[in-house]
Structures are given as structure tokens and as C-alpha cells.
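Look over the sequence and the model first.

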Amino acid sequence: MALSFGTDLTGKTAVITGAGGVLCGMFARTLAEAGAKIAVLDLNEEAAEKVAQEIREAGGEAKAYKANVLDKENLEQVHAKVLSELGPCDILINGAGGNNPRATTTKEYFEIGDIESDTISFFDLDQKGVEFVFNLNFIGTLLPSQVFARDMIGREGCNILNVSSMNAFTPLTKIPAYSGAKAAISNFTQWLAVHFSKVGIRVNAIAPGFFVTKQNEKLLFNDDGTPTARTAKILAATPMGRFGEAEELNGALLFLLNNQAAGFITGVVIPVDGGFAAYSGV
């Protein structure tokens with residue numbers, strides 16, 4: 001069970017995109033334990049329903065919705081259902097995002113001869129793959145905000161929470177599109193916080209460091225369960241020397257959504273990364 005850290009969300013409706021995944025599914029369960037009604041949005045309807053069912057079995061209120069964060073018409077339809085079934089949105093968590101192999105280089109450094117080899121170098125990055133990554137992360141945050149933030153205008157204590165990454169502080173090797181897209185999320189968080197400051201909507205973000213998820217487990221562990229070379233480099237660059245546990249995001253999550261504790265905080269991006277962004281390597 002997640003601790004509420006004194007955050008009482010009773011009566012509030014939280015809309016969470018990407019909530020069929022590991023981290024955002026945990027966000028959904030955590031906010032339900034704090035008393036919120038949860039709209040579980042995911043392109044994978046089965047995954048969304050599984051999370052919603054877990055919340056209901058634990059005594060919470062949740063409904064699953066198949067949602068495409070890149071389709072505004074679909075989001076408008078989902079919004080109408082959420083409004084009817086759970087009420088107006090008080091909290092929006094923009095958690096949908098991800099990378100694509102077509103926007104990823106094979107090697108960390110370019111070397112002479114790579115153009116003629118079978119490696120995917122900078123020069124081989126696929127435009128459509130890069131566009132997909134930027135769209136999924138940035139447009140996939142902008143469109144849900146346009147649709148659901150309308151509910152927040154003129155109402156007290158409403159929040160938007162975006163999911164950035166430590167990539168936004170320092171880009172990781174191999175994933176230029178994902179790193180750039182997450183930097184855009186951090187910038188957009190600041191922009192939106194200023195834009196909505198006069199109507200009482202707070203906008204913040206959390207920037208997770210390395211957590212094991214379905215999306216990255218193949219990069220971090222071999223088929224036999226042993227750590228990859230990239231895992232060794234990650235842990236060597238993380239002062240706390242380990243991956244984060246999903247539940248360790250809950251403190252930042254609940255703090256930023258607590259209008260008493262964080263009522264004067266907007267436009268910040270909080271790293272939860274075991275010191276990764278602070279470490280120079282020396």
C-alpha cells in the first residue's frame with residue numbers, strides 16, 4: 001500500500017494517460033488510495049482495465065478508457081465519458097510517452113566506417129521514427145492538456161503533472177529524439193505553468209531517473225536476467241548505486257499534488273534519480 005503522505009484527494013477526479021504501464025499504473029493506484037476517482041487512460045484498453053480493476057478490488061473508484069493521446073477527436077470523446085461518469089478533471093497526469101528503435105543509434109559514439117557498416121548511426125536515424133517519438137511525448141502531452149484542462153478553469157486546487165526525465169537535464173547516448181522530446185516536456189511545463197498562473201492551475205513535472213519498466217527492461221537486462229553493459233554504466237553513474245523502485249516516485253507525486261504543501265509551487269521539474277543528474281562522473 002502506498003502512503004498518502006498527508007495528501008487527501010477525496011472527491012477529486014484524476015485523469016492519467018499511459019496508465020496501463022508500470023509507473024503510471026502505480027500513479028493511478030496511489031492516487032486512488034489518497035481518495036481520488038481515477039480515469040485510467042491507455043491505448044492498450046486491456047492494460048487500462050487491469051489497472052482499473054485492481055483499484056476497484058482495493059475499494060477505490062476507477063474506470064478504464066481506450067485513449068490515443070495523438071488523436072484530439074478521440075480525446076474529446078473520452079473526455080465526455082469521463083465527465084459523465086467521474087466528473088470534471090481536477091488532476092491531469094500526462095504519463096504517456098516512450099522511445100522508438102528507429103530513433104535510436106546502435107553505438108554511443110560515431111566512428112569512421114560506421115556509415116558502411118550494419119550499425120544504425122546518426123545518419124541512419126529514421127525521420128518517421130524521430131517524428132513519432134517527438135509526437136508521442138510532446139504532442140501526447142499538449143493534446144490531453146488542451147482537452148482536460150478546460151475542466152480546471154475557474155475551479156480551485158487543480159493540477160497538471162507532466163512526466164519528464166533526467167534525459168531532459170543531460171541527454172543520454174543513443175536516444176537523441178527521446179532526450180530532446182523530454183527536454184521539450186520540461187520547457188513546456190514551465191511555459192504552461194506561467195500561462196495558467198492567473199487561473200489557479202498549477203503545472204509541475206517529475207523527472208524519473210532509471211526505473212525498470214516494460215519499455216526498457218530489454219536494454220537493461222539480458223535474456224538470462226544478467227545486467228547488460230549499459231546497466232553497469234548507469235549504476236556507475238548513479239551515486240546511490242541502484243535502480244529506483246516505482247514506489248519511490250510517490251513522495252514527489254503526492255507532494256506536488258498537495259495544494260496545502262505545494263500551493264506556491266508551479267513550473268518546477270523535480271528529479272527522482274538517485275543523484276544521476278547531479279553526478280559529473282568524477
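Which residues of helix 2 are buried? They are Ala47, Ala48, Val51, Ala52 and Ile55. Seen down the helix axis, these residues fall within an arc of 135°, so they line one face of helix 2. Keep in mind that this is a predicted model.

**Helix 2**

The cover over the buried residues includes helix 1 (22–33), strand 2 (37–42) and strand 3 (62–66). The face turned away from the buried side carries Glu46, Lys50 and Glu57, which are exposed.

Helix 2 runs over residues 45–57. Its 13 residues should span 18 Å at 1.5 Å a residue, and the end C-alpha atoms are 18 Å apart, so the two values agree. At the start of the helix, a side-chain oxygen of Asn44 comes to within 3.1 Å of the backbone nitrogen of Glu46. Gly59 follows helix 2 and has a positive phi, near 95°.

**Asn162**

Asn162 sits in strand 5 (residues 158–163). Its relative accessibility is 0%, so Asn162 counts as buried. Leaving aside neighbours within four places in sequence, the contacts of Asn162 include Thr141, Ile185, Phe188 and Thr189. Val203, Asn204, Ala205 and Ile206 are also among them. Asn94 is another contact, and its side chain makes a polar contact with the side chain of Asn162.

| Group one | Group two | Distance |
|---|---|---|
| Asn44 side-chain oxygen | Glu46 backbone nitrogen | within 3.1 Å |
| Asn162 side chain | Asn94 side chain | 2.8 Å |

How values were computed. Residues numbered from 1 in each chain as written. Predicted model: local features only at pLDDT ≥ 70, side-chain atom pairs only at ≥ 80, totals over all residues. Heavy atoms only, no water. Helix = DSSP H or I, 4+ residues; strand = E, 2+ residues; numbered from the N terminus. Expected span 1.5 Å × (residues − 1). Buried < 20%, exposed > 50% of the residue type's maximum accessible area, 1.4 Å probe, protein only. Arc of directions from axis to C-beta. Contact = heavy atoms within 4.5 Å. Polar contact = N/O pair within 3.5 Å; in protein donor to acceptor, adjacent residues only side chain to side chain.
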